[in-house]
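Hi,

Here is the structure I promised to pass on to you. Please open it alongside this email, and my notes follow below.

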Amino acid sequence: MQSKESDIGAVAWRELNPEPYKFKAVEPISPGTEEHRRRAIEEAGYNTFLLRSEDVFIDLLTDSGTTAMSDRQWAHMMRGDEAYAGSRSFSFMERVIQELFGFRHVIPTHQGRGAENLLSTILIRPGHYIPGNMYFTTTRVHQERNGGTFVDVIIDEAHDPAAAHPFKGNVDLDKLESLVRRVGAENIPYMSLAVTVNMAGGQPVSMQNMRAVHELCRSHGIPVFVDAARCVENAYFIQQREPGYQDRPVRDILREMMSYADGCWMSAKKDALVNIGGFVAVNDDHLAQKLRELVVVFEGMPTYGGMAGRDMEALARGLLESTEDSYVRHRVGQVEYLGELLRRRGVPIVEPVGGHAVYLDAKRFLPHLPQDVFPAQALAAALYIVSGVRSMERGIVSAGRNPETGEHHRPNLELVRLTIPRRVYTSRHMQVVAEAAARLYEARDGITGLEMVYEPPTLRFFTARFRPLGRWRL
Ligand code: F0G
């Protein structure tokens, strides 16, 4: 709807995309000195995961569990029902999830990987294949732990950081169909469909693609489970980019998305605007019963699953807030704003910019470094040294090794993720980040790469340690 030109508030709201909130509590931050940061990254083995947060200025490590909660969420927390069984807070959360997602059964977990553990343990047997639109670290580990093999069926464009496509998270139906033909539907326990796709750069899946995946899978009797960590951001992209959805509220779009799935799991630490929590939601009564049987082994009673009553209150309230159009419009808009600043300075990033992060393309940023010297890991460390901005490697270190051959997985995408926490930083902070990355880009020749000196057996990116090859001139 077009606002009157004399309504300056409405015009500015539309054109400037200001924060749709104001601050009620703040946490001081400062960059410290470069000398201090050099020491800190050295002690952290050149791994930004191992830095102390007090040594960080602007923390873009992750959008997971780093949200600022609203006054209403805090108010709800005071009403948390901490009963061991049958908590009122669980009933509230269950009702909100049932209404927003449309699934009948809700099983709470402490976070996303708790949910992945339950689903993978129940559904996967040795020899199974699990198709997915690009791997995610924890998701794949749980599939492999249960004897399954992950198979990437995302469209080719997703592996090309420069390819323009409005829905780069889409599944390639031919890849999916040929997997079914090759291994047989009976060896595919489910299709794992992430919305949005984290490792591809926060790229969305279109409604049309979700519908088509659902139809193809149904024709083979394969259930579809959605990784809903960033499903609200995905719904917003559908509203903005897919014909026919412009006038539909994000909440309606989300509900339609989920109608093409048999269930979903969610790390609530992302789009549910909370610091901890997760759940699995499904329609199938038998599967729900199995999930409730297993949740008590790993997480807790089926009415809390590793969360406190107050956490479930905050989660339910958070989902209601994040599915408001004004919230998600600003959220995705802020990420795009950072992308635009970097684009203007000529810094190579993944295009189009996704929903939760801007990804620096380390291959183009540091073209002189081969993948064996961990360019993205080095770039994340260098960005921290020059500015105190903490980011995360999403390249060869995150990809880990093939469990059978022991070789590095060599992903085409060698990226550094600048992940924007929700409702935490302002556009001025985004300017600082863009300035830091642009200046580092000018000094890129001074970065000579890293050597890995400690490698843990799984999810190595969390705790691996590195040493610089030669002296960096930044
Ligand atoms: N699925 C996706 C797409 C995720 O991004 C994550 C976590 C998980 C599942 C696991 O959820 O952390 O609650 O156990 N991503 C975080 C990140 C760690 O930084 O991207 P969790």
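Thr196 falls in the loop that runs between strand S5 (191-194) and helix H8 (207-219). What joins Val195 and Thr196 there? The link is a cis peptide bond, with omega at about -10°. Do keep in mind that this is a predicted model.

There is also a cis peptide bond between Glu351 and Pro352, where omega is about -15°. Pro352 sits in the loop between helix H13 (325-344) and strand S9 (357-361). For the backbone, one further residue is worth a look: Tyr46 has a positive phi, near 55°, and is not a glycine. You will find Tyr46 in the loop between helix H2 (34-43) and strand S1 (58-59). I picked out these spots because most residues other than glycine have a negative phi, and most peptide bonds are trans.

Now to the ligand, which sits in the second largest pocket. There are 16 residues around the ligand, and those that come nearest are Thr62, Asp227, Ser267, Lys270 and Arg417. Sorted by class, this shell has 7 charged, 7 polar and 2 nonpolar residues. Which helix gives the most to the shell around the ligand? That is helix H5 (residues 112-123), with 3 residues. The shell also draws on two domains: at least three residues come from domain 1 (17-63 + 325-468), and at least three from domain 2 (71-322).

- Arg113: a polar side-chain atom lies 2.7 Å from an oxygen atom of the ligand.
- Arg230: an N or O atom in the side chain is 2.9 Å from an oxygen atom of the ligand.

How much of the ligand's accessible area does the protein cover? On its own the ligand has 470 Å² of accessible area, and the protein covers 95% of that.

Best wishes

Methods: Residues are numbered from 1 along each chain as its sequence is written. This is a predicted model: local features need pLDDT of at least 70, side-chain atom pairs count only at pLDDT 80 or more; totals for chains, interfaces and linings use all residues. Side-chain values use heavy atoms; hydrogens and water are left out. A residue is near a molecule or strand if one of its heavy atoms lies within 4 Å of it. A polar contact is a pair of N or O atoms within 3.5 Å; within protein, one must be able to donate a hydrogen and the other to accept it, and residues adjacent in sequence count only if both atoms are side-chain atoms. Accessible areas come from the Shrake-Rupley method with a 1.4 Å probe; for residues, only the protein chains shown count as cover. On a 1 Å grid over the protein atoms alone, a cavity is a set of points where a 1.4 Å probe fits but cannot get out, and a pocket is an open set with protein on both sides within 12 Å along at least five of seven lines; lining residues have an atom within 4 Å of a point. A molecule sits in a cavity or pocket if more than half of its atoms lie within 2 Å of its grid points. Helices (H or I, at least four residues) and strands (E, at least two) are DSSP runs, numbered from the N terminus. Ala, Val, Leu, Ile, Met, Phe, Trp, Tyr, Cys and Pro count as nonpolar, Asp, Glu, Lys and Arg as charged, and the others, Gly among them, as polar. Domain bounds come from an automatic or database domain assignment.
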